Each structure stands twice: as structure tokens, then as C-alpha cells.
Amino acid sequence: MTTPSARPTPAQTVGPFHGCALPFPGGGDAAPAGHPDTLVLHGHVRDGAGAPVPDALLEFWGPGPDGELPRATGSLRRDPMTGGFLGRDGIGFTGFARVATDADGHWAVRTLRPGARGGHAPHLAVCVFARGLTRHLFTRVYLPAADREPITDPLLAALPPERRATLVAVAEPRGSHRFDIRLQGAAETVFLEFA
Amino acid sequence: MATATQSEIDHEIAQARATYEASVAGGAARTAQPAHAYPPYRSTALRHPRQPLVTVALSQDPEAVELASPAFGGTDVTALDHDLTRQHQGAPLGERITVSGRLLDRSGRPVRGQLIEIWQANAAGRYAHQLDQHPAPLDPHFTGVGRTLTGDDGGYAFTTIKPGAYPWRNHTGAWRPAHIHFSLFGTAFTQRLITQMYFPGDPLFAHDPILQSVTDAAARERLVARYDHDRSEPEWSLGYRWDIVLDGPTATWIEEGR
């Protein structure tokens, strides 16, 4: 690896007031309208006392069902006349979703079911921001059964079973998937760093 | 727990800094990034992970999702988004400034065509956010939200007004130094960054647990913009310059290492 020459800018907390700037209409609706491979993901963000985190912001990024990473733009699609938002066009897939938690610490996104890439079990990258996080936390959400033996995904395989389970969404009877994020404490979500 | 005084917080800040310097003296690597657990910033107590982060070695994994990044383009910004003083019918109150610089990666290469989002308080130190109940006036001509795409040289520029300092409830008498929040994307999701830019010479720096959560002094300096007189416009605006370097491995980095 080359030696990096530029010194990095440190992260700082997103703070409590990102709600006026970062969430956007349709932010959680990444799936094109009526797409048969739509994946509904939802869950709560909780702190070390089990209390809901009502001021978190979550971002999701990952491939479409074919395993390819999208290059399409238009997640925010602004209205040049009013300065507001037109919303997504319902056709393209940018692979990017952004949602804030509500007063109960709950969030939901509708995106496309990710395809497998390069020996990984299908998953999406997740980035968590919140007041009280000095810097963001990376994690991943895997589709159900990714942790069923034999485990082929390199990250999941390297984790003990109870830690591994924190990265795998749970299928629900009506087709949605639940993925809770615990910032601290019992069943703390596995958070990642990249090297 | 009783609310701490400023001098108690100052003491905790000094302790955290001494602990960091002792670890560096003992051979630990310097780090630009703040620790997740930083007691002087009280809200970290129940929100920081206690388990160590799990390392994903991307050098062995060219297909990793995190080596690519969402793309943004012309439809994601409007022509007025970079000028926070022209988003309403009248001009906002306050000191008109420009903030400009370049977005770079760890190799010093420009990050082109990527989205930068900013948000800030108004000149009186109040956000256009319902939860901000600081009794300072709202400005009907200022929302304090901007966006732009970086140019071919990684360059960006915003016109805005200088935000005010504001109180918060971390401890008794807590005030945040004036700052602008920045959200940045790179070529890889590993480089995702949200941070805050500060103004030079602010007397609140030493007392602010959020700025001081970056315990490395040189890294902390990199959060402070420089006043650049060449970027000031006569009888119009004061110019500040701030370059941003995204951390995190990228595909280019890893390929060059092979």
C-alpha cells in the first residue's frame, strides 16, 4: 500500500440538528416503484440503556440484485424552480438510501435486495450517525441465512456466533426484514473499520 | 449525575489529552480521529460501542461494497444551493463570508464530482430546527443549509454568513464555538465523513468537548479554516479557506500497493 501523503480531516459528531439538512423526501425509498426485488428493511436504534435513539441518521449503500454497484445519480433530485425536492424518478436505482430515526428510534427503508459479490454473502453497507457519536460507525446488514453453516462470507466467518447474529436481518411474516442497531451493551452491533 | 461546571469539563479535557499524549509517548500511533468514548462530551456515555471495531481488510477484497460510493450529479443540487444568502427573498443578517477549498483523498488527489452538504446556525447562533429553543432570533431569510458538487480539481465554494456561537446543555455554561457542519462523500464509502469547520482564533476552542474530542493537537488544527484575504471580496465578503482530506482506504490506494 502506498504511504498516504495528505493528513486526514478528523470527524466530528453530526449533532442534534442535522434534520434540517440531511434527510430528504424519498431518502428511504431507494427501490424503483413496483420493483419485484424490493427489500423492506426496518428496525430500531438503541443506546446502552436500551433507550431508543431518536436523532440518528442511517445511510445504506450496496449493489442491486445483479451484484453490480450502481453509478446512477438522482437520489436527491432537486426541483430547480422551487429549490425543493422532486423525489426519486421511480425508474433508476442509485443504491443509496438515507433515513433519520423517528421519535421512537425507528427507521425503515425500501431498497433492492442486494446480490452477492466476490465471495461475500449478500449485504448492504450501513453508516450510522448520531449526536453522542464522536464519529460515525460502519456496519453491514446481511440477508437472512448468511450465518447458516457453512459460512462462506469472510467477515461473518471471522466472528463468534453471537456477534455474527447482530449483522443478520430477521425475516418477518409479511416479507419485511428487521435489523436493530444497538450502539452499546448486550448484543452490541458489530461495528467495522477498514484497512 | 450533577451537571458539571466548565472548569470540571476543562479538567476532564486536559486529562483525556494527557492520556493520549502518554500513549503516544509509549509508542502508540498518533490518530486524527476522535475516540468513540470521550467522557467530557456527556452524550457519548451510552452511545459509544464498548467492543473493539472489527477490521475488514480491503486489500484482499477488491469486490467489497465499501470500495465504491454512491454517485451524485447535476439533478441532486440546484444552482442556488451553494449560496446560502440567496435562498430567500431577502438577505440574511450577519457577516457575509465565503468558505472554499478542495476535497482530497489521502494521496492528495482531488475528489471530483462528489456531493458536499453543509448546515449551520444563523448569525445569532440559532438553527432553523424546531428542537433548537435557544432564545436567539430566527432569521426569515436564512435556513442555513447548502449543497454543492466538487469540481474537477476537487474544488468547492459556499457563500453564507458567519454562524454565531450557541449554548448547549452538556454542562453548566456550555457554549459551542461557531462552526459549520460538513457532510462529504469520496470515491469509496470507507471515506464517508461528517465533520465541523471552525473559525480561526475562537476563544471557546479550549472549552469545547466536541472539538477537543479530537485529542491530537495537529489534527484538531485541521478543523480550523484559515482567513484568506485574497479570497475576500472588497465591500462584499470575507474569505475563508478550508481543505478537506478524506480518511479511509480507496481502490486506487490498494491497487497502487500491489
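In strand β12 of chain B, Ile244(B) is the bridge partner of Leu103(B). Strands here are DSSP runs marked E of at least two residues, helices are H or I runs of at least four, and both are numbered from the N terminus. β2(B) and β12(B), the latter covering residues 244-245, pair in the parallel sense over two bridges; two strands count as paired if DSSP finds at least two bridges between them.

A word on the basis of this report: this is a predicted model, in which local features need pLDDT of at least 70 and side-chain atom pairs count only at pLDDT 80 or more, while totals for chains, interfaces and linings use all residues. Residues are numbered from 1 along each chain as its sequence is written, chains are lettered from A and ligands numbered from 1 in the order in which they are written, and side-chain values use heavy atoms, leaving out hydrogens and water.

How many of the nine residues of strand β2 (residues 96-104) of chain B are buried? Seven of them are, so the strand is mostly covered. Buried means under 20% relative accessible area, exposed over 50%, and partly exposed in between, using a 1.4 Å probe and protein chains only.

**The nonpolar cores**

A nonpolar core is a set of buried Ala, Val, Leu, Ile, Met, Phe, Trp, Tyr and Cys residues joined through side-chain atoms within 4.5 Å. The largest one has 41 residues, and those with the most contacts inside it include Val99(B), Leu184(B) and Ile244(B). Among the elements of chain B that each supply at least two residues of this core are α1 (6-25), β2 and β5. Beyond its neighbours within four places in sequence, Leu184(B) is in contact (heavy atoms within 4.5 Å) with residues including Leu103(B), Leu115(B) and Ile244(B). A second, separate core of 37 residues includes Phe138(A), Val190(A), Phe194(A) and Tyr127(B).

**Aromatic rings**

Rings of Phe, Tyr and Trp (its six-membered ring) pair if their centres lie within 6.5 Å; planes under 30 degrees apart are stacked, over 60 edge-to-face, and the rest tilted. Over all chains, the structure holds 17 aromatic pairs. Here are two edge-to-face ones.

| Pair | Centre to centre | Angle between planes |
|---|---|---|
| Phe199(B) and Tyr240(B) | 5.1 Å | 90 degrees |
| Tyr227(B) and Tyr240(B) | 5.8 Å | 70 degrees |

Is Tyr240(B) buried or exposed? At 7% relative accessibility, Tyr240(B) is buried. Phe199(B) is also buried, at 2%, whereas Tyr227(B) is partly exposed at 36%. Elsewhere, ring pairs join Tyr156(B), Phe158(B), Phe182(B) and Trp242(B) into a cluster.

**Backbone details in chain A**

Most residues other than glycine have a negative phi, and most peptide bonds are trans. The peptide bond from Glu149(A) to Pro150(A), however, is cis, with omega near -5 degrees. Pro150(A) lies in the loop between β6 (137-142) and α1 (154-157) of chain A. Ala145(A) is found in the loop between β6 and α1 of chain A too; this residue has a positive phi of about 85 degrees and is partly exposed at 37% relative accessibility.
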